[in-house]
Each structure stands twice: as C-alpha cells, then as structure tokens.
Amino acid sequence: MQDSVGTSASAASSGASSSPPGSSGDNSPERLRVDFYVIEDASGSARLKLACKLAEKAYLAAQTALVWHTDPNELRAFDDMLWTFMDGSFVPHEMLGPGSSIGDTPVLLSAGVTPPQDVDIIINLAADLPACIDRTRRVAEIIDGDDARRRAGRARFKTYRDLGIQPASHNIRGE
C-alpha cells in the first residue's frame with residue numbers, strides 16, 4: 001500500500017534487509033533507492049512540511065533519518081517546523097554538529113555534518129547530492145515548484161542516473 005508520500009512498506013519494497021545500511025559493505029548503486037517527491041507549490045514551507053511528514057513516517061516506522069541541508073538558516077526553520085507541523089505529532093530530533101552526542105535520536109538534522117553512523121533514509125533538502133550518500137540505502141529528494149530548486153532537482157536526477165541509479169518519481173498532490 002502506498003500513501004500520499006509513498007513511504008509505507010518502503011523497506012520491504014526496496015529489498016532492504018534489517019541489517020544496518022553499511023554493515024554488509026554493499027552500498028552499491030544497485031542497493032540505493034532514490035525517490036523524488038514532486039510538489040507544484042513553489043513555497044519553501046510546502047517543501048519543508050513534506051520533509052516533516054517523511055521524517056515522521058520514518059520515526060513511526062522505527063527508522064533512523066537524516067535531514068540533509070547545506071543552508072543552516074533553512075535547516076533551523078525546518079527544525080522549528082518539525083515541532084509544530086501537525087497537532088499531536090511528536091518527532092524526536094536533534095541538530096547534528098561536531099561532537100554531538102546523538103545517542104538514540106531517530107531523526108538527525110545536518111547542515112553538512114556527516115553522521116557518525118549509517119541511517120535508514122536521508123531526506124535531502126540541499127541543492128546537491130548529500131555528501132554522506134554512502135551512509136544509507138535510501139534517499140528522498142523533495143522538489144517543489146520553485147524554478148531554481150526544480151533545475152537543481154533535475155541535475156540531481158541526472159547525476160543519480162549517471163551513477164547507475166534509477167530514481168523513482170512521485171507527484172504529490174496538495175492538501
């Protein structure tokens with residue numbers, strides 16, 4: 001079954017095993033699943049809200065997530081939104097920085113700092129591929145209607161294909 005953000009049954013459908021992503025040493029392109037979530041809304045808040053939903057779904061599925069961004073200001077806005085995006089929702093998260101003690105935090109936020117361990121999913125909000133793509137088996141790319149972000153998303157899609165990865169695209173309808 002697939003919902004509006006296409007994350008249910010993701011581990012089963014992607015062929016991911018229960019072992020940690022990097023434990024087998026098999027992070028080859030064939031093992032990396034990349035999903036592009038495309039929304040028409042050009043506002044940055046719509047993109048961040050969808051990222052909140054993906055982070056929450058990962059948390060509720062007992063998966064670890066890394067929200068990757070290279071803009072610390074927008075990442076702070078995402079951090080604030082993660083606390084308030086939906087009534088009754090709670091997503092434990094922490095900003096990752098040099099020397100962070102992350103413990104068992106299920107959702108990490110990073111403005112360019114590589115996580116100390118593998119994660120189940122990277123939610124990419126940056127204009128380029130995450131520098132720590134080898135730390136996961138799944139990447140979620142969120143593309144909105146903003147022209148510059150759409151062009152950057154097309155470039156990432158092409159880069160993934162050049163790496164031998166066949167990304168999937170999901171058109172997400174507004175709510």
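A: Start with the residues that touch. In this predicted model, S45, R47, L48, K49, A51, C52 and A55 of helix 2 meet E74, A77, F78, M81 and L82 of helix 3. By class, this contact of helix 2 with helix 3 has eight nonpolar, three charged and one polar residues.

Now the geometry. Helix 2 covers residues 44–60, and helix 3 covers residues 72–84. Their axes come within 10 Å and cross at roughly 55 degrees. That angle makes helix 2 oblique to helix 3. The crossing of the two helices is right-handed.

An open sheet of seven strands has the order 3-4-2-5-6-1-7, and the pairing is parallel. Strand 3 (93–96) and strand 7 (168–171) are the edge strands, each pairing on one side only. From one strand to the next, the twist averages 20 degrees.

Take strand 4 in detail. Strand 4 runs parallel to strand 2, and four bridges join the two. Here A65 stands opposite V107 of strand 4. Strand 3 is also parallel to strand 4, again with four bridges. In that pair, L96 has S110 of strand 4 as its bridge partner. The side chains of strand 4 split by direction: V107 and L109 point one way, L108 and S110 the other. All four are buried.

Move to strand 5 and strand 6. Strand 5 spans residues 121–124 and strand 6 spans residues 138–143. They pair in the parallel sense over three bridges. N124 has E141 of strand 6 as its bridge partner.

E141 leads on to V34, as the two are in contact. V34 is found in strand 1. Its relative accessibility is 2%, so V34 counts as buried. Leaving aside neighbours within four places in sequence, V34 also contacts V139, Y160, I165, P167 and A168. P167 lies 133 residues from V34 along the chain, yet their C-alpha atoms are separated by 4.8 Å.

Key
Residues are numbered from 1 along each chain as its sequence is written. This is a predicted model: local features need pLDDT of at least 70, side-chain atom pairs count only at pLDDT 80 or more; totals for chains, interfaces and linings use all residues. Side-chain values use heavy atoms; hydrogens and water are left out. Axes are lines fitted to C-alpha atoms, for helices over the stretch in contact, and angles run from 0 to 180 degrees between N-to-C directions. Angles under 35 degrees count as roughly parallel, over 145 as roughly antiparallel, 65 to 115 as roughly perpendicular and the rest as oblique. A crossing is left-handed if the near helix is turned anticlockwise from the far one by less than a right angle, and right-handed if clockwise. Contact means heavy atoms within 4.5 Å. Ala, Val, Leu, Ile, Met, Phe, Trp, Tyr, Cys and Pro count as nonpolar, Asp, Glu, Lys and Arg as charged, and the others, Gly among them, as polar. Two strands pair if DSSP finds at least two bridges between them. Buried means under 20% relative accessible area, exposed over 50%, partly exposed in between (1.4 Å probe, protein chains only).
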